[in-house]
Amino acid sequence: MRMLFNLLWFVLGGFVMGVGWWLAGLLCMITIVGIPWARACFVIGQFAFFPFGKEAINRAEYSGRHDIGTSGLGFIGNVVWFLFAGLWLAIGHVMSAIACCITIIGIPFGIQHLKLAGIALAPIGKTIVSVEMADASRRYNAQAAVSRMRGGF
């Protein structure tokens with residue numbers, strides 16, 4: 001089912017938004033300073049081509065430890081990203097979501113566009129993993145948090 005949805009997604013608009021992400025990545029690469037954002041653009045661009053069965057998750061939530069992208073510097077990077085590119089990519093995804101949701105059949109595609117719009121606003125500190133890996137990571141982190149809480153009493 002995921003393969004069918006991904007194929008339909010790619011043909012009915014995913015290609016255009018994926019290329020939009022890659023164009024943003026190329027523009028970031030031109031400015032040498034934008035290389036960290038460019039890498040995020042290319043990764044999320046691949047996700048935009050075939051999003052079904054994958055999920056964007058916070059890297060700290062996934063790995064259980066913080067890195068530069070999930071720290072204060074990552075926050076600053078996301079603010080810069082939002083101002084220069086994130087808002088425009090998010091608007092493109094929201095417009096695509098509205099177009100998809102006009103038809104009943106397009107609602108799953110509209111939901112994916114809204115997820116991508118959220119990622120477009122703040123991509124630094126995120127990683128793309130399978131839905132199963134994201135669920136397993138959340139479950140593990142929740143169990144670890146409960147264990148820490150029980151040990152603290």
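Here are some notes on this predicted model, one point at a time.

1. The protein has a mean pLDDT of 88, and 99% of its residues reach 70 or more. Helix α3 (residues 59-63) has the lowest mean pLDDT among the elements, at 82, while α5 has the highest, at 91.

2. Next, the parts list. You'll find 6 helices and 2 strands in the protein. Walking along from the N terminus, the order is α-α-β-α-α-α-β-α. Taken along the principal axes, the box filled by the C-alpha atoms is roughly 55 × 40 × 20 Å.

3. Now pick out helix α1 (residues 2-30) and look at its partners. Take helix α2 (residues 35-49) to begin with: its axis and that of α1 come within 7 Å and cross at roughly 175°. Anything over 145 degrees counts as roughly antiparallel, so α1 and α2 are roughly antiparallel to each other. What kinds of residues make up this contact? They divide into 19 nonpolar, 6 polar and no charged.

4. Helix α4 (residues 72-101) is another partner of α1, with the two axes 11 Å apart and an angle of about 170°. That makes α1 roughly antiparallel to α4 as well. On the α1 side the contact uses M17, G20, W21, A24 and C28, and on the α4 side W81, L89, G92, H93 and S96. Sort those residues by type and you get 6 nonpolar, 4 polar and no charged.

5. How do α1 and helix α5 (residues 107-121) pack? Their axes are 11 Å apart and the angle is about 25°. Angles under 35 degrees count as roughly parallel, so α1 and α5 are roughly parallel to each other. Their crossing is right-handed.

6. Stay with that pair and zoom in on the side chains. From α1 come F5, L8, W9, M17 and W21, and from α5 come F109, Q112, H113, L116, I119 and A120. By type, the residues of this contact split into 9 nonpolar, 2 polar and no charged. Look back at M17 and W21: they belong to the α1 contact with α5, and they also turn up in the α1 contact with α4.

7. Finally, the charged pairs. Side chains of opposite charge can pair when their charged atoms come close. How many salt bridges does a search of the whole structure find? It turns up 4.

Terms used:
Residues numbered from 1 in each chain as written. Predicted model: local features only at pLDDT ≥ 70, side-chain atom pairs only at ≥ 80, totals over all residues. Heavy atoms only, no water. Axes fitted to C-alpha atoms, helices over the stretch in contact; angles between N-to-C directions. Helix = DSSP H or I, 4+ residues; strand = E, 2+ residues; numbered from the N terminus. Parallel < 35°, antiparallel > 145°, perpendicular 65-115°, else oblique. Left-handed = near helix turned anticlockwise from the far one by under 90°. Contact = heavy atoms within 4.5 Å. Nonpolar A, V, L, I, M, F, W, Y, C, P; charged D, E, K, R; others polar. pLDDT = per-residue confidence, 0-100. Salt bridge = Lys/Arg side-chain N within 4 Å of Asp/Glu carboxyl O.
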